[in-house]
Amino acid sequence: VQEHEGAWGIIQVSDVSVPVPLERLRTLFSAHAAERLGYLPLLQAWHIELGPVGRLSAEDRFDGPAIEVALNGLGELSASG
């Protein structure tokens, strides 16, 4: 999605049953890919979870450290499940 001022954003939609750490990582990878493809400046990535207890979250950092934090969250999900 391109805002009227020229900045780009990503909107991702998923079912609320998908684990949050997995969707966060998907959002970050999508944002990272968009930046590599030249969609700059990329300001935010929005993740919308659909369902009875839906949720909206946003990311504004797509760099290596942000992806590493998301990967750690995914690892914690694997360890607990």
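Ser 57 sits in strand β3; helices (H or I, at least four residues) and strands (E, at least two) are DSSP runs, numbered from the N terminus. Not counting residues up to four places away in sequence, Ser 57 touches Ala 45, Trp 46 and His 47, where contact means heavy atoms within 4.5 Å.

A word on what you are looking at. This is a predicted model, in which local features need pLDDT of at least 70 and side-chain atom pairs count only at pLDDT 80 or more, while totals for chains, interfaces and linings use all residues. Residues are numbered from 1 along each chain as its sequence is written, and side-chain values use heavy atoms, with hydrogens and water left out.

As for confidence, the mean pLDDT of the protein chain is 89, and 99% of the residues score at least 70; pLDDT is the predictor's confidence in each residue, from 0 to 100. By element, β1 has the highest mean, 94, and α2 the lowest, 83.

Now the overall layout. The protein chain has two helices and three strands, in the order β-α-β-β-α along the sequence. Its C-alpha atoms fill a box of roughly 40 × 30 × 15 Å along the principal axes. Among contacts between residues at least 6 apart in sequence, 62% join residues at least 24 apart. There are 81 residues, and 26% of them count as buried. Buried here means under 20% relative accessible area, exposed over 50%, and partly exposed in between, with a 1.4 Å probe and protein chains only.

Next, the inside. Which residues make up the largest nonpolar core? The ten are Ile 10, Leu 25, Leu 28, Ala 31, Ala 34, Leu 42, Ala 45, Phe 62, Ile 67 and Ala 70. The term covers buried Ala, Val, Leu, Ile, Met, Phe, Trp, Tyr and Cys residues joined through side-chain atoms within 4.5 Å. At least two residues of this core come from each of α1, β2 and α2 (64-80), and α1 gives the most, with four. Take Ile 67 from that list: leaving aside neighbours within four places in sequence, Ile 67 is in contact with Leu 25, Leu 28, Phe 29, His 32 and Phe 62.

On to charges. Side chains of opposite charge can pair when their charged atoms come close. How many salt bridges does the structure hold? It holds four, a salt bridge being a side-chain nitrogen of Lys or Arg within 4 Å of a carboxyl oxygen of Asp or Glu. I will go through some of them.

Arg 26 pairs with Glu 23 at 2.8 Å, N to O. Both are in helix α1 (residues 20-36), three residues apart, which is about one turn of the helix. Arg 26 is partly exposed at 37% relative accessibility, whereas Glu 23 is buried at 6%.

Arg 24 pairs with Glu 59, with the closest N and O atoms 2.6 Å apart. This pair links distant parts of the chain, from Arg 24 in helix α1 to Glu 59 in strand β3 (residues 55-59), 35 residues apart. Arg 24 is partly exposed, at 27% relative accessibility, and Glu 59 is buried, at 14%.

Glu 49 and Arg 55 form another bridge, at 3.0 Å from N to O. Glu 49 belongs to strand β2 and is buried, with a relative accessible area of 5%. Arg 55 is partly exposed at 39%. Outside four places in sequence, Glu 49 also has contacts with Ser 14, Val 16, Val 20 and Gly 54, besides Arg 55.

Last, the surface. The protein chain exposes about 5,200 Å², with 60% of that supplied by carbon and sulfur atoms; accessible areas come from the Shrake-Rupley method with a 1.4 Å probe, and for residues only the protein chains shown count as cover. Val 1, Ile 11, Val 13, Trp 46, Leu 50 and Leu 56 make a nonpolar patch of about 570 Å². Patches are made of residues with over 30% relative accessible area and no salt bridge, like charges being joined within 9 Å and nonpolar side chains (Val, Leu, Ile, Met, Phe, Trp, Tyr) within 5 Å. Strands β1 (8-15) and β2 (42-50) each supply at least two of the patch residues.
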